[in-house]
Amino acid sequence: MNRAVKLIASLLVTLLCSWWAFRHTDWDSQMTSLKSANYLWVLPYFVILSLVHLSRTLRWGCLLSGMERVPFRQLNEASGIGFMMLLVLPFRLGEFARPLLIAQRSSIRRSAAMTSVVLERITDGISIAVLMRVLLFFVPAEVPEVRYVKLGANLMFAVFGGGLLFLLFALKHRATAVGLVRSTVGRVVPKVADKMADIVDTFVGAMRQLPDRRQMTLFFLYTVVYWGLNGAGMALLSRAFGPTSLTLFQAYVVMSVLVVGVMIPAAPGMVGTFQAAISVGLSLFLPASVVNGDGMAYANVLWLCQTVQQVGFGVLLMSLGHLSFKELAGKLDKEQEGQQASFPST
């Protein structure tokens, strides 16, 4: 019953965001744009998406190196399949995929691997929030959508920044942090408080296994490369749609807005939230007539390329590893039943 409610809620969010994104769409203009687009730009974009996958995988390996140096093949399998599961499964079940997969391919415990996933999320959240706030200083203030984007950046920084501060506090004062969870949340929902306290305790223990300075430096360098490639790729693909051609600066602003947008829980595939976020980002620089035609064509092709690449890599790696999608999804379902924590995606 709980899952049915979640599914209905996620579908409603998807429908609402899809309606909002496409409510002013000029369908004739969009179809004309799709037919006349120069799809040769898709080929180099897929190359960039492959490099994005590589940088994201190597970055995760840096975080895991404090516990074990996982060979690239096993690391790549867990990363590629895990991100595919995150995209296609409902209820955020895919969040548990990478920790489960890497635990099967190494001696790293799932709880410790989950810690690395959370640290990735916090790093990305703070990085994008700061990047967005800096870039928005150079966006004309008279654009109506700017205030909403600034609000999203502030909320994002508050959530992830607050999470980081709490984890740093817990790292130094483990018992106090666990007791704080029990004394606050415990007054309202004692059972949930016990679970949260156990998670915090396990999480802090895993954080003590962070890698050395060299690996942490590489982790942050790969983070810069990862987001740098993402923005550059979006600028590159926009050239396929003449009127929506973006500069690097504009592409990084749109990318930042997209990251905030896809944090909204929705149905699998990020349909609706993805297009709505791209629409908001483009509207900061382009007139409504372009956004509602060529802009939405660009948003849909961008979404399709990212989905095909992510699912394609996952299916290929799953096939090479002789894994069953149904069996893995079943394991993730059981995993979520034992852990009721939920973490945001980028």
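Mentor: Helices (H or I, at least four residues) and strands (E, at least two) are DSSP runs, numbered from the N terminus. The model is a predicted one, in which local features need pLDDT of at least 70 and side-chain atom pairs count only at pLDDT 80 or more, while totals for chains, interfaces and linings use all residues. Residues are numbered from 1 along each chain as its sequence is written, and side-chain values use heavy atoms, with hydrogens and water left out.

V130 lies in helix α6, which covers residues 110–136. With a relative accessibility of 38%, V130 is classed as partly exposed, because buried means under 20% relative accessible area, exposed over 50%, and partly exposed in between (1.4 Å probe, protein chains only). Together with V134, F137, F138 and F157, V130 makes a nonpolar surface patch of about 540 Å². Patches are made of residues with over 30% relative accessible area and no salt bridge; like charges are joined within 9 Å, and nonpolar side chains (Val, Leu, Ile, Met, Phe, Trp, Tyr) within 5 Å. A salt bridge here is a side-chain nitrogen of Lys or Arg within 4 Å of a carboxyl oxygen of Asp or Glu. Accessible areas come from the Shrake-Rupley method with a 1.4 Å probe, and for residues only the protein chains shown count as cover.

In soluble globular proteins, nonpolar side chains tend to be buried together.

M85, leaving aside neighbours within four places in sequence, is in contact (heavy atoms within 4.5 Å) with G94, A97, M318, F325, L328, A329 and L332.

As for the whole, the chain has 14 helices and zero strands. Of its 346 residues, 49% are buried. The chain exposes about 16,500 Å², with carbon and sulfur atoms supplying 67% of that area. Among contacts between residues at least 6 apart in sequence, 76% join residues at least 24 apart.
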